[in-house]
Protein chains: 4
Amino acid sequence: VAGPCAVESEQQALDVARHVHAAGASLYRGGAFKPRTSPYSFQGLGEEGLKILARVRQETGLPIVTEVLDTDTAELVAEYADCLQIGARNMQNFSLLKKVGRLRKPVLLKRAMSATIEEFLLSAEYILSEGNYEVILCERGVRTFANHTRNTLDLSVIPYVKRISHLPIVVDPSHGTGKRMKVLPMSRAAVAAGSDGLLIEVHDHPELALSDGPQALLPEMFVQLMKEVRLLAPVVGRTA
Amino acid sequence: VAGPCAVESEQQALDVARHVHAAGASLYRGGAFKPRTSPYSFQGLGEEGLKILARVRQETGLPIVTEVLDTDTAELVAEYADCLQIGARNMQNFSLLKKVGRLRKPVLLKRAMSATIEEFLLSAEYILSEGNYEVILCERGVRTFANHTRNTLDLSVIPYVKRISHLPIVVDPSHGTGKRMKVLPMSRAAVAAGSDGLLIEVHDHPELALSDGPQALLPEMFVQLMKEVRLLAPVVGRTA
Amino acid sequence: VAGPCAVESEQQALDVARHVHAAGASLYRGGAFKPRTSPYSFQGLGEEGLKILARVRQETGLPIVTEVLDTDTAELVAEYADCLQIGARNMQNFSLLKKVGRLRKPVLLKRAMSATIEEFLLSAEYILSEGNYEVILCERGVRTFANHTRNTLDLSVIPYVKRISHLPIVVDPSHGTGKRMKVLPMSRAAVAAGSDGLLIEVHDHPELALSDGPQALLPEMFVQLMKEVRLLAPVVGRTA
Amino acid sequence: VAGPCAVESEQQALDVARHVHAAGASLYRGGAFKPRTSPYSFQGLGEEGLKILARVRQETGLPIVTEVLDTDTAELVAEYADCLQIGARNMQNFSLLKKVGRLRKPVLLKRAMSATIEEFLLSAEYILSEGNYEVILCERGVRTFANHTRNTLDLSVIPYVKRISHLPIVVDPSHGTGKRMKVLPMSRAAVAAGSDGLLIEVHDHPELALSDGPQALLPEMFVQLMKEVRLLAPVVGRTA
């Protein structure tokens, strides 16, 4: 899974899509509705962003993952997206979990910043209990005292989730570290720990990004990442 | 502000209300829609609970604070409640914040379990920026490694919020500690640190409570708490 | 307990001592051997500092609390000090704990930055088990994600320690918050929560302090603190 | 680096040593002086343990890493050991750091449970500034709210340390997770993230271990770990 943090324009979205497609990504991520800490930050392009994502799929064939922010727009997002993302801040937005549980699209559920594994799995259970069984868990870093990193990536959840749950788990090392130079080594580490996939932010001009530029990879770094992951995968008994 | 965690029945709600009214509480708290970690836990009585809360107000004259869980039921809750509570898990549910920003009822905004002060104040800003200026902040404990307590009550936010914001701040020592025996001393500490109020869970049969029994005070402990707070208030330059 | 973070000169130590003595402090704190994160920071005056502390006691009659950094200098410090402080970084320096357990001076044991209560009490047990029963616990803030404060003061340990241990517990709101403007409200909160005492940093020229200036009170702020604590103490059933 | 948490007997130490030597370990770890949270727990065999470690080296040719607990016994330990370990609880025991800085043996410095990277590197600086330049850093997990693991292994320090320091860094996934079933995947993850080595606890009868049994690998699991690491190493540009 790769793509920019936010869809900013059709040009940007398509440029990044062609790059990640060529490098071998299997899904495209991009935010149309963005949850932002401040009400005065860029909030995403909304439905216009969804339409751009649909163009990306049409052009590249890549399925689309994008975030659902609330119950009111969930159905609209589900019309365009192939996979619905629930962000960390909404992991315990139980009304939203029930809503996507009633939609028939796979759900990518991100772990909240201070959620225990039990809370994480019980949030997944809200979706499952409505009849939607396609839930993918996503570790994206937890909040600790450590200040060398935006969040502390807790890779040790992977073997634990593997033991007690049948749900797949992927890792987001972009939000999980917040720093570009850590994304490659932590992607390798995630795969080595048994992650079923990676969620990577890629931007062709990160210095101009409207959201989370410092953690986005340049397209050529993403090519390198895919190369390394392809080498690692067979060692841990997987096909890339 | 005092009352049970969840409204369980009219009898229970009224019994507790009479006790806390007699002891001098100025608002009544009680959950009709309850956010629960597990989909299989008691989820509150819903609209039935709101009607019971209306009876409580009618009988005792106490204004009602109750939680708003989602945008769909926000207007319904606002019809019954005098003050709308946004729970810790929804502190960054930005759609909900905007929604209550458009309703004309005071909002009690609880700090998320790992929110920085900046994030807390920016969530309040989502409500203010929609034109609703009656926002009350509520510290209810943060998540740390410490295991002697359910959450670690971070009272040092009080002097900081007082310095950089004009918004009132209250403390919830019931959720903030999770243990009955700590509620009294931490209530005194909150008032001494400058808190503008307290949010206390009271239950006449905590051992039978459907939610958070271990942290609820017995009515007679609440009487003692009010007595101690009345003694402390003038020392810190307040009227009780 | 009040005084500067580090003893810097005889003049400074005596000036501060006269101020805090006049305001009613009952012990004088000052570091001769200082544990510093960097090897290139000011490390304290060593034995020269101890001699200055002895002069302070002679002049003011105030008993002296000062830190013991290692087993090699423990006996030297014990010759001068009335109470031996074990710093947070040494809370699990078990050889040092055993050493002060064999000296016959009261020990002020500070909680480590991420110690559970069980670890804290077991460290006290290292001292007690050597036959020294005069141990005073000291809460000085724990390390969390919260960035508005240097450390998060965990006052809820007080009722817990009171319930399960017979040891007295005091609070250090200077290190516990790291910011001067929080020291007064958090001192009041500590006393209201049941603290048996306070450890306050006072400096007559904090802007020139060689260590921890931003958290030191000016002498006139300390006078105000003592006044407020004297008003609070009887409310929580104590004599000031 | 592999071996038991504590040296319990000559038989146990030699049995484990033969196993890890055969599997390809390059150093042997074993505690003679053990820092224990409680004064009533097994404290290690002391000098007797050091003599057993010397026998292990003689028999297997494996160099020995063992912990130095205090300045008093540092020279004794240095007589027997090839590499001196400073435990997490002593990372800011500055007197001990200076002492091992004056001894001429490599030092393995473990990160404290809530140390920032800056503090970690400044503790290394205490050793370097005394003239001992052979310092190996060791990440062993930090303390967070997460309760599915004993400590949260913070692998993202590896790329950061690699960028700002010339010191080698190794990972201890045994203490870093506290659970046997996580040691293999987290060992792979550490190597993939760029770790220069691993510190693994191995015990032939973990259920009888006097210290930290639940995290020790059985000898056959250690063989499997070495096999996997040998496959991974070339992928990340290393020789095993």
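**Note on chain symmetry, helix packing and an aromatic pair**

1. Of the residues of chain D, A189(D) comes closest to the rotation axis, its C-alpha lying at 2.0 Å. The axis in question is the one about which chain D can be laid on chain A, by a turn of 180 degrees and a shift of 0.0 Å along the axis, with an RMSD of 0.0 Å, and this is therefore the relation of a two-fold axis. Copies are superposed by least squares on the C-alpha atoms of residues with pLDDT of at least 70 in both. The same surface serves both copies, in that 100% of the contact residues of chain D recur in chain A, where contact means heavy atoms within 4.5 Å.

2. On the basis of the values: this is a predicted model, in which local features need pLDDT of at least 70 and side-chain atom pairs count only at pLDDT 80 or more, whereas totals for chains, interfaces and linings use all residues. Residues are numbered from 1 along each chain as its sequence is written, chains are lettered from A and ligands numbered from 1 in the order in which they are written, and side-chain values use heavy atoms, with hydrogens and water left out.

3. Within chain D, helix α8 (residues 180-193) and helix α9 (residues 219-235) have axes that come within 10 Å and cross at roughly 20 degrees; helices here are DSSP runs (H or I, at least four residues; strands are E, at least two), numbered from the N terminus. The axes are lines fitted to C-alpha atoms, for helices over the stretch in contact, and angles run from 0 to 180 degrees between N-to-C directions. The angle makes α8(D) roughly parallel to α9(D), since angles under 35 degrees count as roughly parallel, over 145 as roughly antiparallel, 65 to 115 as roughly perpendicular and the rest as oblique. On the side of α8(D), the contact is made by R180(D), V183(D), L184(D), S187(D), R188(D) and V191(D), and on the side of α9(D) by M221(D), Q224(D), L225(D), E228(D), V229(D) and L232(D). By class, these residues divide into 7 nonpolar, 2 polar and 3 charged, with Ala, Val, Leu, Ile, Met, Phe, Trp, Tyr, Cys and Pro counted as nonpolar, Asp, Glu, Lys and Arg as charged, and the others, Gly among them, as polar.

4. The contact is made by L231(B), L232(B) and V235(B) together with L231(C), L232(C) and V235(C), and by class it has 6 nonpolar, no polar and no charged residues.

5. The structure holds 4 aromatic pairs over all chains, a pair being rings of Phe, Tyr and Trp (its six-membered ring) with centres within 6.5 Å, and planes under 30 degrees apart counting as stacked, over 60 as edge-to-face and the rest as tilted. The rings of F94(B) and Y126(B) have centres 4.5 Å apart and planes at 25 degrees, so this pair is stacked. Because F94(B) lies in helix α4 (residues 94-102) of chain B and Y126(B) in helix α5 (residues 117-128) of chain B, the pair ties together parts that are 32 residues apart in sequence.
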